[in-house]
Amino acid sequence: MTQRKRRVERVRKWRLAAVRGASASAFRRKVREAYDSRCMFSGQRLPRTEATSTAGVDAAHILPWSQFDLDATKNGLCLNKQSHWAFDEGLFRLSFDDTENAYIVSIPNPVRVAAQAAQFDIESFDAIAGRVPRNRLPGNEALWPPKQYLAELNRFLDDKAA
């Protein structure tokens, strides 16, 4: 198994280890409300409708509840289904750039190399990468993803890649 596959598998297990329950439902609801059912990465607003049984967005943990016991709204990102999958798989990275004072979605270079080798359609992901507009963040700045949480996640991903 390649280093990348081992890292992705660890991240997957890290995230999936959370026990689901009432707190998970409350977390999901609060994150969707904070973001008005808008995907932070793509900008799509996908609430539940009369014609759909569920919303088209998920509440993704930045730091896994199983290790940090952190079901706080600010530890959540509202992401459409594809972006949630890509974030959990490490295809997308989210960081905070102090120089730009902005959140940045990026695609790590090893992901680009692997995508090219597998003829993986990465173009739609490229369209999402870049600076996240402020209107995709919660209206209440106290609920914005803390840069410390993002730094911790990215340190974990970098350590596992080494």
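In the protein chain, 67% of the contacts with a separation of 6 or more are between residues 24 or more positions apart; contact means heavy atoms within 4.5 Å. The model is predicted, so local features need pLDDT of at least 70 and side-chain atom pairs count only at pLDDT 80 or more, while totals for chains, interfaces and linings use all residues. Residues are numbered from 1 along each chain as its sequence is written, and side-chain values use heavy atoms, with hydrogens and water left out.

The protein chain has seven helices and five strands, taken as DSSP runs numbered from the N terminus (helices H or I, at least four residues; strands E, at least two). Their pattern along the sequence is α-α-β-α-β-α-β-β-α-α-β-α.

Of the 162 residues, 41% are buried (under 20% relative accessible area, 1.4 Å probe, protein chains only).

The largest nonpolar core holds 38 residues, and Met40, Phe41, Leu77 and Leu94 touch the most other members. Such a core is a set of buried Ala, Val, Leu, Ile, Met, Phe, Trp, Tyr and Cys residues joined through side-chain atoms within 4.5 Å. Helix H7 (147-161) is among the elements that each supply at least two residues, and H7 gives the largest share, five residues.

Threonine 73 lies in the loop between helix H3 (65-68) and E2. It is buried because its relative accessible area is 12%.

| Residue | In contact with (heavy atoms within 4.5 Å) |
|---|---|
| Methionine 40 | Tyr35, Leu77, Cys78, Leu79, Leu94, Tyr103, Val132, Arg136, Leu137 and Pro145 |
| Threonine 73 | Lys30, Val31, Ala34 and Leu143 |

Methods:
Buried < 20%, exposed > 50% of the residue type's maximum accessible area, 1.4 Å probe, protein only. Lists of a residue's contacts leave out its neighbours within four places in sequence.
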